[in-house]
There are 2 protein chains.
Amino acid sequence: MKLSQIETPALILDRRRLEANLARMSERARALEVDLRPHMKTAKSAEVARLATAGHSGGITVSTLKEAEYFAEHGYTDMVYAVGISLDKLARVAALQSQGARLALLTDDVEVAGRIGERAAALGTHLEVLIEVDIGDGRAGLAPDSEDLVEIGRALDGAANVTLRGVLSHAGHSYGCRRVAEVEAVAEAERAGAVRAAERLRAAGLPCPVVSVGSTPTAVHARDLAGVTEMRPGVYMFNDVFQAEIESCAHSDIAISVLATVTSRHRGRGESVIDAGGLALSKDRSTAEAPRDVGYGLVVDMACGDSLPELHVVRVSQEHGIVAAPAGEPGFAGLAPGSRVRVLPNHACFTAAAYERYHVVEGGDQVVAEWPRVNGW
Amino acid sequence: MKLSQIETPALILDRRRLEANLARMSERARALEVDLRPHMKTAKSAEVARLATAGHSGGITVSTLKEAEYFAEHGYTDMVYAVGISLDKLARVAALQSQGARLALLTDDVEVAGRIGERAAALGTHLEVLIEVDIGDGRAGLAPDSEDLVEIGRALDGAANVTLRGVLSHAGHSYGCRRVAEVEAVAEAERAGAVRAAERLRAAGLPCPVVSVGSTPTAVHARDLAGVTEMRPGVYMFNDVFQAEIESCAHSDIAISVLATVTSRHRGRGESVIDAGGLALSKDRSTAEAPRDVGYGLVVDMACGDSLPELHVVRVSQEHGIVAAPAGEPGFAGLAPGSRVRVLPNHACFTAAAYERYHVVEGGDQVVAEWPRVNGW
């Protein structure tokens with residue numbers, strides 16, 4: 001099948017771009033002398049994970065227990081669930097581990113840390129736990145100098161069915177940076193903060209073999225990761241318009257796109273309607289604050305080339321996307337009904353989440369494979 | 001199972017609220033003397049459709065061909081696909097109709113109208129087509145006085161394998177209204193515009209048996225629908241915080257919520273983290289311009305009551321929701337890790353789309369059923 005023949009909207013993955021992105025990040029990890037534990041929250045695909053882990057330890061990161069179960073079924077046995085654990089999820093974790101996989105958990109909470117050992121014992125499982133450290137993102141995690149850090153470390157280390165595995169941070173605030181120098185500074189702050197937390201645990205006589213840092217922008221731009229043992233970027237596999245805007249990649253590195261068909265044209269206002277709306281593109285507006293705001297996606301031609309004028313998806317409703325030139329650009333009569341376009345996403349993780357599968361191409365318009373995704377919880 | 005026992009995040013549907021919402025809209029349709037053709041784009045569930053069509057003709061509206069196929073499998077034979085058709089989708093429409101269902105289509109394009117008859121003949125099917133009329137929404141459709149309207153009507157009526165079924169409008173701009181009087185004015189403009197388009201077709205000697213109008217706000221507030229034959233609201237089944245803000249409903253009419261568990265607490269900044277983030281709640285920001293902006297959702301207690309202080313999901317990342325009191329409200333120490341809350345969605349259609357099923361309750365905390373949904377395309 002060719003791209004001109006498949007049903008739209010559809011999620012297209014260009015394997016050549018994917019592999020180039022993976023190779024670049026693998027090289028980064030090697031140069032920085034850390035392991036690469038790719039975050040599968042973006043791709044959610046065993047086929048992509050196979051390519052992304054090649055040449056590294058084989059460990060991966062997941063964002064949901066459903067991902068963990070899916071990847072365990074596909075042979076992955078070394079996983080980190082990089083979202084704070086609640087005790088009510090431990091039965092499912094124990095069931096997963098009873099099948100042979102290991103799923104390291106995360107917490108920043110004294111009470112959870114104090115009770116996780118007894119729950120693990122009751123469930124007949126052994127848990128590895130990382131302590132979440134916040135280096136300025138303000139989402140979750142403890143400050144590296146927090147008093148709770150050592151208290152949590154002691155609670156975990158003292159529990160019979162728990163191993164304290166180390167510390168983990170996610171520099172999500174790197175997404176707020178607009179220049180490479182800013183990302184470099186966040187990356188160094190993340191490195192220093194995570195290492196500081198690890199050293200405090202060690203100084204208290206606690207083990208801390210793992211120092212794990214995250215985020216694609218900091219992985220791309222970190223100058224040095226001394227003291228860090230692994231990094232967990234995810235969106236680098238696909239990239240997106242937002243990552244291009246903050247200089248994590250170029251537009252030509254964006255590996256996924258939404259294939260859409262034009263359903264009507266409104267010449268008077270220079271607009272066309274495509275069959276990819278808010279569900280097919282997501283309502284993520286990551287580029288709203290970026291240097292160039294592309295609305296709900298950047299519209300490109302069928303070869304992901306630049307034969308079209310600059311066109312954005314300027315409005316969406318559930319199944320309608322309105323395509324127009326950005327305000328102030330020269331007038332455009334609209335795209336002809338029946339013609340097809342590809343839309344580069346604002347935020348790959350959210351756009352991909354609406355689809356059950358990738359239609360895989362290799363640069364051209366021939367669909368060479370369909371790769372399933374795992375969604376939901 | 002009780003709500004305290006199921007995995008989170010989960011989508012909860014309160015059947016009592018649903019049935020009250022359905023009864024209210026059924027009564028509206030009867031009072032306005034129009035048929036109710038409920039739009040299933042929000043609920044995407046055969047169980048909900050069964051309840052929503054009770055007492056009406058049994059016809060429904062769908063937003064994707066996948067919905068059409070799903071509802072056809074569940075016995076629905078009279079459907080309108082209320083998104084502009086592209087010719088490349090006709091083979092799938094023909095396949096669906098060959099199983100016995102009828103799926104009326106929509107267009108506003110002269111070229112599509114000119115070619116749809118020959119495609120229908122080639123596919124061995126007969127198509128019913130509505131002409132889309134734009135009453136100020138600016139998404140898709142022709143102005144009621146457009147020259148193309150009659151041209152499209154003639155093209156459709158003149159094609160051997162096509163029946164011109166009528167006109168259809170969607171007053172999506174009613175979502176921009178902030179007061180009931182404004183919605184009433186939009187509803188009257190929509191009625192008058194759709195009827196005007198129908199009369200122009202009839203004056204040209206063309207058939208126009210159906211005059212179909214849409215949108216929950218206008219369905220709730222229309223004073224009169226003289227000349228209209230059917231209405232197609234959808235979100236009224238569930239309602240959401242945005243619909244409450246524009247006075248389509250009360251908060252106590254919101255029938256769906258996301259059940260979430262607190263994973264960590266940050267007392268210093270009065271924030272808690274829940275396991276429902278941007279994917280579980282959607283990134284829809286419908287209330288951004290509403291009188292009260294609830295961020296990514298309004299947090300309520302397990303009974304959907306008001307025992308908690310006013311709390312919003314103020315930030316999200318993929319699997320994290322940050323819960324806090326709105327800016328300027330009194331300080332709040334945060335919710336305890338392990339506790340559970342329900343989140344009323346900004347926009348029901350988008351939040352529900354992340355889930356494969358509803359956990360159904362009847363006012364209380366007992367899950368009495370699981371109803372599947374159909375997502376994707």
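## The contact between chain A and chain B

In this predicted model, the contact draws 55 residues from chain A and 55 residues from chain B, where contact means heavy atoms within 4.5 Å. Together the two chains bury about 4,400 Å², with 52% of that on carbon and sulfur atoms; buried area is the accessible area (1.4 Å probe) that two parts lose on being put together, summed over both. R139(A), Q318(A) and W377(A) supply 18% of the area that chain A buries against chain B, more than any other three residues.

A few notes on reading the model: residues are numbered from 1 along each chain as its sequence is written, and chains are lettered from A, ligands being numbered from 1, in the order in which they are written. Local features need pLDDT of at least 70, side-chain atom pairs count only at pLDDT 80 or more, and totals for chains, interfaces and linings use all residues, while side-chain values use heavy atoms, with hydrogens and water left out.

## Polar and charged pairs across the interface

Ten salt bridges are found across the interface of chain A and chain B, a salt bridge being a side-chain nitrogen of Lys or Arg within 4 Å of a carboxyl oxygen of Asp or Glu. One salt bridge joins D275(A) to K89(B), with the closest N and O atoms 2.4 Å apart.

On the side of chain A that touches chain B, the elements giving two or more residues are β10 (256–266), β11 (271–274), α10 (278–281) and α11 (348–352) of chain A. Helices (H or I, at least four residues) and strands (E, at least two) are DSSP runs, numbered from the N terminus. The largest share of this side, six residues, comes from β10(A). By class, the side has 18 nonpolar, 16 polar and 21 charged residues.

## A helix pair in chain A

Helix α3 (residues 65–73) of chain A packs against helix α4 (residues 90–97) of chain A at an angle of about 5°, their axes lying 11 Å apart. That makes α3(A) roughly parallel to α4(A), the word for angles under 35 degrees. From α3(A), L65(A), K66(A), A68(A), E69(A) and A72(A) meet R92(A), V93(A) and L96(A) in α4(A).

Over all chains, the count comes to 58 salt bridges. Among them is R24(A) with D253(A), at 3.4 Å from N to O. This pair links distant parts of the chain, 229 residues apart: R24(A) sits in helix α1 (residues 15–32) of chain A, and D253(A) in the loop between α9 (241–245) and β10 of chain A.

## Backbone details

In chain A, a cis peptide bond joins T8(A) and P9(A), with omega about -5°. P9(A) is in the segment before β1 (10–14) of chain A. In chain B, the peptide bond from T8(B) to P9(B) is cis, with omega near -5°.

K44(A) is worth a look too: its phi is near 50°, a positive value in a residue other than glycine. K44(A) lies in the loop between β2 (35–36) and α2 (46–53) of chain A.

Conventions. Ala, Val, Leu, Ile, Met, Phe, Trp, Tyr, Cys and Pro count as nonpolar, Asp, Glu, Lys and Arg as charged, and the others, Gly among them, as polar. Axes are lines fitted to C-alpha atoms, for helices over the stretch in contact, and angles run from 0 to 180 degrees between N-to-C directions. Angles under 35 degrees count as roughly parallel, over 145 as roughly antiparallel, 65 to 115 as roughly perpendicular and the rest as oblique.
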